[in-house]
Amino acid sequence: MATNQNQSAQSGIGGWLILVAIGLCLTPIRIGAEIVEGVRSLQPVAWRVVTTPGSPAYHPLFGPLIVGEMVANVALLGWALVLLYLFFTKRRAFPRATIAFLIVRVAIQMADVFVATSIPLAAASIGPRVYGSLASNLLVVSVWVPYFLKSRRVAATFVH
């Protein structure tokens with residue numbers, strides 16, 4: 001009987017899961033803002049400048065970088081919306097789907113930085129903000145992945 005009471009006390013969206021809920025609600029907004037920012041690069045004038053051979057800003061990787069960022073952000077936005085559904089319906093798949101999301105997001109960000117540093121014009125615009133964001137996301141992975149794997153509250157909450 002005491003075990004069941006202890007489990008119910010540690011189930012539900014409470015404790016550290018409140019921070020997860022806040023982060024999950026903000027994630028689609030952040031990704032949406034990145035998509036809006038990326039759309040500017042797809043406008044005809046900007047697109048022509050970076051994809052026309054002979055243009056001062058041309059590099060053969062610029063077009064694929066812009067399209068890759070857009071595709072990745074749209075996929076991450078869809079994934080984040082699915083995570084919101086899984087979270088608030090307390091689905092068993094939520095912890096694993098979130099762990100995968102966090103790791104994939106960092107992998108995409110690392111690939112993006114790697115490709116961007118290969119393009120002189122893009123490399124010049126990579127600054128402390130980009131590396132700080134990458135470090136921040138690595139920290140998020142190092143904190144939340146173990147939490148989702150070890151937390152009794154997570155195990156007791158996501159059971160449907």
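**View 1. The aromatic cluster of the predicted model.** F87, F88, F94, W144, Y147, F148 and F158 form one aromatic cluster in this predicted model. The structure holds 9 aromatic pairs. For F87 and F88, the ring centres lie 4.9 Å apart and the planes stand at 90 degrees, so this pair is edge-to-face, the class for planes over 60 degrees apart. F87 is buried, with a relative accessible area of 0%, whereas F88 is partly exposed, with a relative accessible area of 46%.

**View 2. Helix 5 and its packing.** Helix 5 comprises 24 residues. From the first C-alpha of helix 5 to the last, the distance is 34 Å, close to the 34 Å expected at 1.5 Å a residue. The buried residues of helix 5 are F94, P95, A97, T98, I99, F101, L102, R105, V106, Q109, V113 and A116. These buried residues pack against helix 2, helix 4, helix 6, helix 7 and helix 8 (152-157). F94, one of the buried residues of helix 5, also belongs to the aromatic cluster.

**View 3. The largest pocket.** The volume of the largest pocket is about 1,300 Å³. The pocket is lined by 36 residues, of which E34, E37, E69, N73 and D112 are the closest to its centre. Two or more lining residues come from each of helix 2 (17-42), helix 3 (44-51), helix 4 (62-88), helix 5 (94-117), helix 6 (120-125) and helix 7 (128-150). Helix 4 supplies the largest share of this lining, 10 residues. By residue class, the lining of the largest pocket divides into 19 nonpolar, 9 polar and 8 charged residues.

**View 4. The second largest pocket.** A volume of about 350 Å³ is found for the second largest pocket. Of the 18 residues that line this pocket, G23, L102, R105, V140 and W144 are the closest to its centre. The elements that give two or more residues to the lining are helix 2, helix 5 and helix 7. Helix 2 gives the most, with 7 residues. The lining of the second largest pocket divides into 11 nonpolar, 5 polar and 2 charged residues. L102 and R105 are among the buried residues of helix 5, and W144 is one of the members of the aromatic cluster.

How values were computed:
Residues are numbered from 1 along each chain as its sequence is written. This is a predicted model: local features need pLDDT of at least 70, side-chain atom pairs count only at pLDDT 80 or more; totals for chains, interfaces and linings use all residues. Side-chain values use heavy atoms; hydrogens and water are left out. On a 1 Å grid over the protein atoms alone, a cavity is a set of points where a 1.4 Å probe fits but cannot get out, and a pocket is an open set with protein on both sides within 12 Å along at least five of seven lines; lining residues have an atom within 4 Å of a point. Grid points are joined across faces, edges and corners, and a volume is the space filled by probe spheres set on the points. Helices (H or I, at least four residues) and strands (E, at least two) are DSSP runs, numbered from the N terminus. Ala, Val, Leu, Ile, Met, Phe, Trp, Tyr, Cys and Pro count as nonpolar, Asp, Glu, Lys and Arg as charged, and the others, Gly among them, as polar. The expected span of a helix is 1.5 Å times one less than its number of residues. Buried means under 20% relative accessible area, exposed over 50%, partly exposed in between (1.4 Å probe, protein chains only). Contact means heavy atoms within 4.5 Å. Rings of Phe, Tyr and Trp (its six-membered ring) pair if their centres lie within 6.5 Å; planes under 30 degrees apart count as stacked, over 60 as edge-to-face and the rest as tilted.
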